[in-house]
Amino acid sequence: GRVLQTLTLQENEPLTEYFASSSSLPTVPFRCRLEGKDAGSSTFQRLIPSVVETSICRLQGSVDPVVSRLVPGGTVTVPFTLTNSGPQGSFSIQATDDKGFVTGVSQSVVTLAQGQTTTVTVTLRAPPAVAFGTTTTVTLTAQTSSAGSYNFLVFRITVTPPEPDNVPPSCEVRALYGNCKDTDKHSCSGRTFTATTAYRDQGYGLQSIIPRTSATNYTWTVEQFAPGLVDSTITANYTANCCSPRVEFAVSDRVGNYEICTVDLTPPGGLSGGAIAGIVIGVLLAVAIIVFIIVYCCCIRRRKEEDKTDSHVVKRSDKTEKAKSQDVAVRDAEQGRHFWYKFARKQEVTTSGSGNIVMKKTETHETRVKVTKTVVSETRQVEHKVEFKGHKKVKAGMKV
């Protein structure tokens, strides 16, 4: 066939796609053919075999969830507009849905001139016992009387309660029998537990009660009730082994509100008593080893410092009375030990009965042994008697 229009492809960079646009489409049926060159400059063609036919009518509209509320047993009308962009003609209008709520359209046949627009309404009615939240899909079709052109529009509408209900039903664990303490994957199958739960709704009534569990072998019993039960308590019992110690009970009402109560008997994941005792003992041993190392290093360091000090000690003789040194170092050749002497002098002056002055001098001899740190003290007392006659001093005697 002949070429009706030639359009240039444009690239949609974010999506890496190509598209073409036209301000006006052909009024006759047509097919689309793509021509171009690949990376190697080779020409290629692609043809869409289906026939495309433009529509001369246009349907527009939307569903307002506030205005177009559909309640159980209620009726709602949804408006739409139909515009004829072709020559004057008659259009047949139909509406269908998958739940059977559509009762009809305001105009099944309408005649429009070119550019003329009219309003069409679709009427739906929900059964009285329909559940809240039920959604139906409606398809509205407009077709020319010659069946040469048509258009359609799809919308959805949901059944809602007459009054808002945002309060979920109640769920309560009333009793729990058994526990899963001290169980593991090897012993869990031999121990079971049972949970008793209760459910109640004060709004539009209960809808469903189901357990959510990973267990494949469990027992679930629940009292029978009709959806929409209000102000009545329903009890249920759940039994399973400790291999699946966690379970959730989900209850919903007719509006779609739901509540979940949980039973979790999973054993604590902490350490056992033996493991804790082992950790404590290990920590104590580590602390003891650290303290020992610190003390040992201090002793070695002190020993080195003392040896360094001894190497600088000057040997002095204690035989010369004139020197009267306060520190005298003597080395014991046999034992290989170092000694030093310190003298503390104390003088006391007293007067005898005859008027003579008696001077007492006390010398304290302190000996330290560096190796054993043992302190040996020796005290020597030397008494000097001195007589003073006139301005002359005469040594009278010495008593030791």
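This is a predicted model: local features need pLDDT of at least 70, side-chain atom pairs count only at pLDDT 80 or more; totals for chains, interfaces and linings use all residues.
Asp-264 pairs with Arg-246 in a salt bridge, where the closest N and O atoms are 3.3 Å apart. Because Asp-264 sits in strand S19 (residues 258–264) and Arg-246 in strand S18 (residues 246–253), the pair ties together parts that are 18 residues apart in sequence. Arg-246 is itself partly exposed, with a relative accessible area of 40%.

Across the whole structure, a search finds 5 salt bridges. Among them is the one between Glu-35 and Arg-33, with 3.2 Å separating the closest N and O atoms. Here Glu-35 is partly exposed at a relative accessible area of 47%, whereas Arg-33 counts as exposed at 51%, since the cut-off for exposed is over 50%. Another salt bridge joins Lys-99 to Asp-98, its closest N and O atoms lying 3.7 Å apart. Lys-99 is partly exposed, at 41% relative accessibility.

Attention now turns to Thr-183, found in the loop between strand S13 (170–177) and strand S14 (192–200). With a relative accessibility of 14%, Thr-183 counts as buried, because buried means under 20%. A polar atom of the Thr-183 side chain lies 2.7 Å from the backbone oxygen of Cys-180. Setting aside neighbours within four places in sequence, Thr-183 is in contact with Cys-188, Arg-191, Cys-242 and Pro-267.

Technical notes. Residues are numbered from 1 along each chain as its sequence is written. Side-chain values use heavy atoms; hydrogens and water are left out. Helices (H or I, at least four residues) and strands (E, at least two) are DSSP runs, numbered from the N terminus. Buried means under 20% relative accessible area, exposed over 50%, partly exposed in between (1.4 Å probe, protein chains only). A polar contact is a pair of N or O atoms within 3.5 Å; within protein, one must be able to donate a hydrogen and the other to accept it, and residues adjacent in sequence count only if both atoms are side-chain atoms. Contact means heavy atoms within 4.5 Å. A salt bridge is a side-chain nitrogen of Lys or Arg within 4 Å of a carboxyl oxygen of Asp or Glu.
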